[in-house]
Amino acid sequence: MPYVLGDHGDIAAILWDTHHPLVAPPAADKNNKILWVARVGADEGPLLIRATSADAGRTVTRTVDGAPGPSIIDLPSPGCWSFELSWGGRRDHLMLGYAAR
């Protein structure tokens, strides 16, 4: 199962598909599923996401209610996205790529 580990190692994004796992704009027949797994504070939520496009500089916010866990994170455009993540007073950062649909 492909995953991306946060810069500080406190959170991982587990991706549900191995071939272009994330697409933008979202496909009608497939979800952008990410399972967020926190090393610490796993039950402290919600998970707040501030995603910034490395290509366009556009920033969007998303929330995973409850705590880090299963989610569908759709973003407006393809490219490399920088994710600033915060939950329960903790912070981490990772990069995810979204392929063009």
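This is a predicted model: local features need pLDDT of at least 70, side-chain atom pairs count only at pLDDT 80 or more; totals for chains, interfaces and linings use all residues.
## The four-stranded sheet

An open sheet is formed by 4 strands in the order S1-S2-S4-S7, with antiparallel pairing. Strand S1 (3-5) and strand S7 (70-72) stand at the edges; each has a single partner strand, so one side of each is left without a neighbour in the sheet. From one strand to the next, the twist averages 25 degrees.

Within this sheet, strand S2 (residues 11-15) pairs with strand S4 (residues 33-38) in the antiparallel sense, over 5 bridges. Ala13 has Trp36, in S4, as its bridge partner.

## Two cis peptide bonds

Ala24 and Pro25 are joined by a cis peptide bond with omega of about -10 degrees. Pro25 belongs to the loop between strand S3 (23-24) and S4.

A cis peptide bond also joins Gly45 and Pro46, and here omega is about 5 degrees. The loop that holds Pro46 runs between S4 and strand S5 (47-53).

## The largest nonpolar core

The largest nonpolar core comprises 22 residues, of which Trp36, Phe83 and Tyr98 touch the most other members. At least two residues of this core are supplied by each of S2, S4, S5, strand S6 (59-64), strand S8 (79-87) and strand S9 (90-100). The largest share, 4 residues, comes from S8.

The surroundings of Tyr98 can be listed in detail. Neighbours within four places in sequence aside, Tyr98 is in contact with Leu22, Val23, Ala24, Asn32, Ile34, Ile73, Leu75, Ser77, Pro78, Gly79, Trp81 and Phe83.

## Arg101 and the segment after S9

Arg101 lies in the segment that follows S9. Its relative accessible area is 62%, and because exposed residues are those over 50%, Arg101 is classed as exposed.

Although exposed, Arg101 touches Val23, Ala24, Pro25, Pro26 and Ala27, not counting residues up to four places away in sequence. These partners include Ala24 and Pro25, the two residues joined by a cis peptide bond. The C-alpha atoms of Arg101 and Val23 are separated by 5.6 Å, although the two residues are 78 residues apart along the chain.

Note on methods. Residues are numbered from 1 along each chain as its sequence is written. Side-chain values use heavy atoms; hydrogens and water are left out. Two strands pair if DSSP finds at least two bridges between them. Axes are lines fitted to C-alpha atoms, for helices over the stretch in contact, and angles run from 0 to 180 degrees between N-to-C directions. A nonpolar core is a set of buried Ala, Val, Leu, Ile, Met, Phe, Trp, Tyr and Cys residues joined through side-chain atoms within 4.5 Å. Buried means under 20% relative accessible area, exposed over 50%, partly exposed in between (1.4 Å probe, protein chains only). Contact means heavy atoms within 4.5 Å.
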